[in-house]
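Biologist: I have not seen this structure before. Could you walk me through it?

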Amino acid sequence: MIEIKSYRDLTVWQKSQKIVQQETIVAIASAVVPSQGSIGVVRLSGQTALEIAKRIFHPQGKKQWESHRILYGYIKHPDHNTIIDEALLLPMFSPRSYTREDVIEFHCHGGIMPVQQVLELCLEQGARLANSGEFTLRAFLNGRIDLTQAESIAEIVGAKSVEASTVALASLRGKLAQPIKNIRHTLLDILAEVEARIDFEDDLPPLDEDQVKQNLQASLEQIKQILATKDQGELLRSGIKVAIVGQPNVGKSSLLNAWSRCDRAIVTDLPGTTRDVVESQLVVKGIPIQVLDTAGIRNTEDTVEKIGVERSLQAVNQADLILFTIDASQGWTEKETEIYEKIKGLNIILVINKTDLGNPDTINYPSEIKQIVNTAASKNEGIEALESAIINTIEKGKTTARNLDIAINQRQAAALTRAKLALTQVEETIKNQLPLDFWTIDLRTAIQALGEITGEEVTESVLDRIFSRFCIGK
């Protein structure tokens, strides 16, 4: 029996996907709401999962334990036959399971105690708690999924928009892995041809350099196309941070409430009502946006408000986009100039709010501000125009995140960049008519980098970094 105490204990033999079934692991596979909840799932995976399940689960009637057939019954303590919970049991026998091991799921009543008792009972019977992402790690090690698919599972779980979920699902179905594997196989063929000429030069016809160049160029172009999705993927996964900034009582909180369609911030006619940064998570045309409603920026002797102003300035420095909000009824005053001097040079959209109380056309704002949106937040007017301006600003600075098939993450982009540089060097080597031995050096570098993306070549540290970000039970 192979014991995994940490991912660093994995052997090269295991990573080559020739592993044996490992000790049985157990984890809560679904979120449990404290004191209440409809259902909780406890999942077992491993060589003794079925044996443990048969010791503690007693089905009603005389139904057979068949793979993918749900059983109804009771979970009982095997020592004193005490009923722990009424539950459903779903067995999924190897290899037709998530991990390609025997997997057992107990579908218990939700809440803290039923699930915790079932979990503890499984531990008493010989299972151990799963590490973060260990179920998916086993699926990878057992050859059920490649590394891009494993990462896409985490991205599906953490998706903040429908578009992000759709792209992650496409990767799970192999849309990213397949072109990477195709490129790698092409490079392996080239490497085999080159090495054959090195070892058996007298027995083989001359290498077709023109064909090699064509294949290298085609591979390089494919890599560049996939690399171009990095910014798109980052935008879908992380989104942008937007700070609403302005002096007190210009309607910043009203703007946040109108935009988020809920009363996230307290709104009064008193200046300085917002004392801290209020956050709201929104999705605009598929892009996650973290909105920060900041305290009004002004000189104040109020200790609490002063702290709020300091935090507002910190939020400004951390934001990707500033919504500089002013009052249409007051116009552009010296106070706006003071604030503008602090944020000048940043990515700014000027929001002229309270247009129901004043004429925005009469306001004399700095000419360098190009993006202007008129709103009347108290009447929910101008929100669509504001969203359009934000999307327009995003698309000017980054590639649009719509209509994507694939979108790579930072790890994948780093590996692809290494592969691109290596292939560029191979082309330079051929151009300079260097010996074939020099070709193989950079070809191997490119092949290894591509293999790291799919998991065909991967180190323990990479696995540790990827799967430690997963939740327990996944």
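This is a predicted model: local features need pLDDT of at least 70, side-chain atom pairs count only at pLDDT 80 or more; totals for chains, interfaces and linings use all residues.

Biologist: What share of the residues in the chain is buried?
Modeller: A residue counts as buried under 20% relative accessible area. The chain has 474 residues, and the buried share of them is 49%.

Biologist: What part of the accessible surface belongs to carbon and sulfur atoms?
Modeller: The accessible surface of the chain is about 23300 Å². The part that belongs to carbon and sulfur atoms is 48%.

Biologist: Among contacts with a separation of 6 or more, what share joins residues 24 or more positions apart?
Modeller: Contact here means heavy atoms within 4.5 Å. Of the contacts with a separation of 6 or more, the share from residues 24 or more positions apart is 66%.

Biologist: Is strand 12 enclosed by the rest of the structure or open, and why?
Modeller: Strand 12 spans residues 348-353. Ile348, Leu350 and Ile352 point one way, while Ile349, Val351 and Asn353 point the other way. Both sets are buried. Six of the six residues are buried, so strand 12 is largely enclosed.

Biologist: Which residue of strand 13 is the bridge partner of Leu350?
Modeller: Strand 13 covers residues 372-374 and pairs with strand 12 in the parallel sense. Three bridges link them. The bridge partner of Leu350 is Ile372.

Biologist: How many disulfides are there?
Modeller: A disulfide needs two cysteine sulfur atoms within 2.5 Å. By this rule the count is zero.

Biologist: Why is Cys122 too far from the closest cysteine sulfur for a bond?
Modeller: Cys122 is buried at 0% relative accessibility, and Cys108 is buried at 4%. A bond would need sulfur atoms within 2.5 Å. The closest cysteine sulfur to that of Cys122 is in Cys108, and it is too far because the distance is 8.3 Å.

Biologist: Is Ser253 buried or exposed?
Modeller: An unreviewed UniProt entry gives the annotation "binding site" to Ser253 and Thr274. Ser253 is found in helix 10, residues 252-260. Its relative accessibility is 9%, so Ser253 counts as buried.

Biologist: Where is Arg144, and which residues does Arg144 contact?
Modeller: The unreviewed UniProt entry places "binding site" at Arg43, Glu105, Arg144 and Lys474. Arg144 is in the loop between helix 4 (134-141) and helix 5 (147-157). At 38% relative accessibility, Arg144 is partly exposed. Leaving aside neighbours within four places in sequence, Arg144 is in contact with Ser97, Tyr98, Arg100, Ala139 and Gln149.

Biologist: What separates the C-alpha atoms of Val157 and Ala168?
Modeller: Val157 lies in helix 5. With a relative accessible area of 53%, Val157 is exposed. Val157 and Ala168 are eleven residues apart along the chain, and their C-alpha atoms are separated by 9.4 Å.

How values were computed. Residues are numbered from 1 along each chain as its sequence is written. Side-chain values use heavy atoms; hydrogens and water are left out. Buried means under 20% relative accessible area, exposed over 50%, partly exposed in between (1.4 Å probe, protein chains only). Helices (H or I, at least four residues) and strands (E, at least two) are DSSP runs, numbered from the N terminus. Two strands pair if DSSP finds at least two bridges between them. UniProt positions are given in the numbering used here, feature names are shortened, and annotations may be inferred rather than shown by experiment. Accessible areas come from the Shrake-Rupley method with a 1.4 Å probe; for residues, only the protein chains shown count as cover.
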